[in-house]
10 protein chains.
Amino acid sequence: MDRNTVTEMIIEAKVRKGITWAQVAEHVGQSKEWTTAACLGQMTLDDAQANAVVTLFGLPAEAALWLKHTPYKGSLPTSVPTDPLIYRFYELISVYGTTFKELIHEEFGDGIMSAIDFKMDLQREPDPKGDRVQIVMSGKFLPYKTY
Amino acid sequence: MDRNTVTEMIIEAKVRKGITWAQVAEHVGQSKEWTTAACLGQMTLDDAQANAVVTLFGLPAEAALWLKHTPYKGSLPTSVPTDPLIYRFYELISVYGTTFKELIHEEFGDGIMSAIDFKMDLQREPDPKGDRVQIVMSGKFLPYKTY
Amino acid sequence: MDRNTVTEMIIEAKVRKGITWAQVAEHVGQSKEWTTAACLGQMTLDDAQANAVVTLFGLPAEAALWLKHTPYKGSLPTSVPTDPLIYRFYELISVYGTTFKELIHEEFGDGIMSAIDFKMDLQREPDPKGDRVQIVMSGKFLPYKTY
Amino acid sequence: MDRNTVTEMIIEAKVRKGITWAQVAEHVGQSKEWTTAACLGQMTLDDAQANAVVTLFGLPAEAALWLKHTPYKGSLPTSVPTDPLIYRFYELISVYGTTFKELIHEEFGDGIMSAIDFKMDLQREPDPKGDRVQIVMSGKFLPYKTY
Amino acid sequence: MDRNTVTEMIIEAKVRKGITWAQVAEHVGQSKEWTTAACLGQMTLDDAQANAVVTLFGLPAEAALWLKHTPYKGSLPTSVPTDPLIYRFYELISVYGTTFKELIHEEFGDGIMSAIDFKMDLQREPDPKGDRVQIVMSGKFLPYKTY
Amino acid sequence: MDRNTVTEMIIEAKVRKGITWAQVAEHVGQSKEWTTAACLGQMTLDDAQANAVVTLFGLPAEAALWLKHTPYKGSLPTSVPTDPLIYRFYELISVYGTTFKELIHEEFGDGIMSAIDFKMDLQREPDPKGDRVQIVMSGKFLPYKTY
Amino acid sequence: MDRNTVTEMIIEAKVRKGITWAQVAEHVGQSKEWTTAACLGQMTLDDAQANAVVTLFGLPAEAALWLKHTPYKGSLPTSVPTDPLIYRFYELISVYGTTFKELIHEEFGDGIMSAIDFKMDLQREPDPKGDRVQIVMSGKFLPYKTY
Amino acid sequence: MDRNTVTEMIIEAKVRKGITWAQVAEHVGQSKEWTTAACLGQMTLDDAQANAVVTLFGLPAEAALWLKHTPYKGSLPTSVPTDPLIYRFYELISVYGTTFKELIHEEFGDGIMSAIDFKMDLQREPDPKGDRVQIVMSGKFLPYKTY
Amino acid sequence: MDRNTVTEMIIEAKVRKGITWAQVAEHVGQSKEWTTAACLGQMTLDDAQANAVVTLFGLPAEAALWLKHTPYKGSLPTSVPTDPLIYRFYELISVYGTTFKELIHEEFGDGIMSAIDFKMDLQREPDPKGDRVQIVMSGKFLPYKTY
Amino acid sequence: MDRNTVTEMIIEAKVRKGITWAQVAEHVGQSKEWTTAACLGQMTLDDAQANAVVTLFGLPAEAALWLKHTPYKGSLPTSVPTDPLIYRFYELISVYGTTFKELIHEEFGDGIMSAIDFKMDLQREPDPKGDRVQIVMSGKFLPYKTY
């Protein structure tokens, strides 16, 4: 057994049992964004969180050990993603990457938006011309320092 | 002269004159996010917008023609970006890509978030533990249809 | 079991039973283009469609769950396809890509042809000098907007 | 001077003079699809066609020699295109590539659709829900033969 | 079972039984070049040919179905081949590619040599300074046409 | 000046003067295949050959020195060629590579066909169904030896 | 003028004038590690630092503007570095990457060592068996948080 | 069984038994840095070290043979690492690579820091503003010599 | 069973039985360099050699058939090798590649050193400052010829 | 001026003046292997050596500064070399890489052959069946140590 096996077991059980990620998040007691990433092998769970996942999906006990083990992160099979939904985010970076850079530097100076001290909220935004996906990202600004 | 030359002329004039993107946006009459992307060769300007940019930066008249010409988009020199600020966004897709996919499909069904009918707002989020970068993205959901 | 396993089961059953894609499409009640893509793991089926596929090919019941699960899309093993039939389409984009771009922008302005709100029809075009493959593509034009 | 220089001269003159591809096609006496591809360095022009292009854009006489010289084809700077309009076509091949393969083989047997004995027509398809891009492709079927 | 499995079964049986490709070709009733490519998963066999292969190698009956199924072509594991024999052909294209292009265009005009309406003959050419490999290729010239 | 500059000067002069490769070969006194490859920077010329080329194309005297200098070989800009004419040869290796390997080993044992002690002849093969390109390659077989 | 031009001007002036990085650091008033990275286009200088660099190297006044402009970071021409000195660091990551991961997670839990809130000191470590390069790196630990 | 299997067995046993790398290092009698790298398949163990590892993790006896066999080194699945912790080290080389080069050459002349005669120490550095990861690397300087 | 399986069986048996390559070479009756390459799937063995290998390692009889079958050559998993020992050879080509080219052409004219009619001897060269690895390579010079 | 410019000036002067590398080596007072690599931008020259090169080739005085500056090493334009002479060396590593690894480890234990404390001698080896290229490489063995 390794972490990938546990991810596959979770996905299989989720499809078979018809559980939603929102339900998993409620059991785990965290946001649906963090919980989904954690179940898909991108975050590390603590004792209670791991047990909640194991119970909800009916996984073998050993799976909890792997859920508490820090995973090798990176969830995509290719460096340029092929799935159209995920590619659109890659395209946004391709098109807006230098814009992110210019505007963050203009506002904050040299540094980056943290991808670690980071949180995210994904919601449906009702719109008469067709509902929209709204994503709010918030990451701590980390300035480069001289030394 | 081509579109890349115009982008380089804009960047050079901006550095030399000390103009901010917020000031450019005010002259152009659009958000700072769209305006920056447009100046960096990722969006197409209309007559008034192009003239505003040409005047503000003191560009030659021919530059306006290129600003109104739809550019070949994609602002980054490599498929995996090397700049740390831009890389962090790429890392977010690497880590959260499958999470985006799961949650959007759970909420909306099969389809994508549009990267075309899309807007974005980037703000400083004051925080006593260190200010944060807040990015709000909003893209129309486009469902796959059967036929 | 995962979505790839179901695709392999479909291909194997199709070869063994000698079913055509046109027959599958008739059972599913959609076009042969959409139905083939769906069976090959690129589209999501609804309840009735999934059951039709499971029955026709004699798949295990669990397969229906996976056919209704949105797949990770992208059907080719390499970024430049090696199969001559598929490569010819890639070559058309290589040769005509900038032409598509110029003519669509000339007619519609800045924006794209949707690959989501998209349909396609593939027919034999009889011709005394040798029959031809005719493909009619139709995708909604999506304009970039300012904000 | 080489063929790329001539392409750049054509694009520059086109932007400066505000000529449309439809107008170029009329002068050249061919479809707008073929004419655009030819001007962008993907097709070879004959005497009359080359002269028409040189006159219309006001190019130096030597340019006609290069327009009549068969070019090294391939119009895109990267193997996976970054421009969103062109990428959507690449995505269609990624998603529908195996579908093209299955349906053409089902209808015609083993072989390919020619990308040489090929023609294409791109039109606006009016639609109350938003106009559509319609592309009709027609390529001769070429069967593999035994020997 | 899929087409790759059948290829592996053929190679294994060939090594175990000590059959030559010339013998296979004789049973199949085609040239050794076409027959070898077909057995290695690059061509589609008809009923009689598939049965001949199944009988000669002692394959299970289901294998005949796969031999008659058009394969996903491309026989090499990497885009630049590592095997020295195969690499030499790649090197010839690297060194002589522009020469092929110049001479075929000089003789025929713009177009290509078909890789579909194509045949090949590979023979030993006795030579006192060391025997030579002689390969005669013949492909139909396909001209680009205007439209 | 370097070898690439000389190649570009040759191509430019050839287009401007309307000289054919067959004429160059006659002046140089070698086959059109070798002569074209040599002019395109893939072979090394001797004194007489270099002078013939310099005279015919009207190159500066220093160019002869570079034509006699062994070039860095490899005539294509990408590892998978984009030009359709050249790609077809790459496709032949992709499809027939393992066939070349099997048949040469069956006839000669372990070893390769030399790409150095190699010659080639490219001819038009008249055919009522459409003329064909015929290429005859001949390379010395070089066996691996034990030691 | 752009940031790369300034970097090239610095390197050229440094070679011509025989200035050491230690001397530059003294003028700039920061460590030699930060100062070198800044001059090579990886860090942003403030007013006083930029003027010190411009004066020391005798650069044109406009160069100071670019030194104060946040650069597009990444100092290497290829993703796997070819220079042996730099490659050895890449090799250390290849060999010790999973060790870094295991030991930092064991000590700190899930998170990363910051490459932004980071400093470095490079010294000669005298050793009778041959002097050694000693590098002390210190980066803030940034923990992943749940949300 | 091969070396990778042994690495997987070690990782599985470590997770199941809750052993720390510091404990493994103590049993093996070497630093935690070297021991971790060795267990993860990057170093070669001697008799006593291999037996200590086999006993501690409860591996089959044959595993000791593989631990004493020099492994094929390189512990990462892609040339640009996707895991954020490991990527930060890659980013440091991307940003500071030319700085390493300049400063080591300035101090030592032409040559490299050995990645073989190398040792490393990784510690927690307490800091009121947040603890830091401290890594001390020490590699022998190896000068290029003339000959 | 295929050739890779036989290579893995040889490596496993070698580790388990503690046989050296020098011993294998003695049994096979060839140099240790050729013998090792042959066992690792890069050369073709004759009857006697194959039987010697099968007997020494205790392989199943069928393995002899595969050892006599010409393998698909190329022993490394990535185009830039990650293992430090093998990388050093790649680095030598990166650093000295143009030197090899210049000096061989200066001595021999245009042509190559054969990698087929090639032999190699690897020895320990005792040296008081630390023993050295000495490798003597000898390959036939093959001149390009005109035709 | 930078180091690449100096390399190009050397190559141009060498071709124009007809100087051999052996003559350069004599003037520089080092082996022809080291001297050629140094002139091609892979090694660092001292005062006397740089002056010898500048005088012999008639370079501008500033060139000496660059010859004494440690270059960014790596002399090849692509990671898999296209030139047939250089490719053969790459092929040798591809075919014999694992053999190098096995035999050096068998003789010396875990470690590498240095590419820094390294020297090389390239000679013509007369042979009635065709002269051979003989290359003798000698690199210090560097053992991995525990710590």
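## Chain contacts in a predicted model

In this predicted model, chain B can be laid on chain H with an RMSD of 0.0 Å by a turn of 180 degrees and a shift of 0.0 Å along the axis.

**Exercise 1.** Work out which kind of axis relates chain B to chain H, and describe the contact between these two chains.

*Solution.* Begin with the superposition: the turn is 180 degrees, and the shift along the axis is 0.0 Å. That is the relation of a two-fold axis. In chain B, B:Val80 has the C-alpha nearest this axis, at 4.2 Å from it. Turn next to the contact itself, in which 6 residues of chain B meet 6 residues of chain H; by class, the side belonging to chain B has 3 nonpolar, 2 polar and 1 charged residues. Finally, compare the two sides: 100% of the interface residues of chain B are also interface residues in chain H, so the copies meet through the same surface.

**Exercise 2.** Determine how many residues chains A and B bring to their contact, and which element of chain A supplies the largest share of its side.

*Solution.* Count each side to begin with: 57 residues come from chain A and 57 residues from chain B. Then assign the side of chain A to its elements, where helix 3 (32-39), helix 6 (84-108), strand 1 (111-125) and strand 2 (132-143) each supply at least two residues. The largest share of that side belongs to helix 6 of chain A, with 22 residues. Sorted by class, the side of chain A that touches chain B divides into 28 nonpolar, 14 polar and 15 charged residues.

**Exercise 3.** Describe how helix 6 of chain A packs with helix 3 of chain B, and list the residues that meet there.

*Solution.* From helix 6 of chain A come A:Val95, A:Tyr96, A:Thr99, A:Glu102 and A:Leu103, which meet B:Lys32, B:Glu33, B:Thr36 and B:Ala37 in helix 3 of chain B. By class, this helix contact has 4 nonpolar, 2 polar and 3 charged residues.

Terms used:
Residues numbered from 1 in each chain as written. Chains lettered and ligands numbered in written order. Predicted model: local features only at pLDDT ≥ 70, side-chain atom pairs only at ≥ 80, totals over all residues. Contact = placed C-beta atoms within 7 Å. Helix = DSSP H or I, 4+ residues; strand = E, 2+ residues; numbered from the N terminus. Nonpolar A, V, L, I, M, F, W, Y, C, P; charged D, E, K, R; others polar. Axes fitted to C-alpha atoms, helices over the stretch in contact; angles between N-to-C directions. Least-squares fit on C-alpha atoms with pLDDT ≥ 70 in both.
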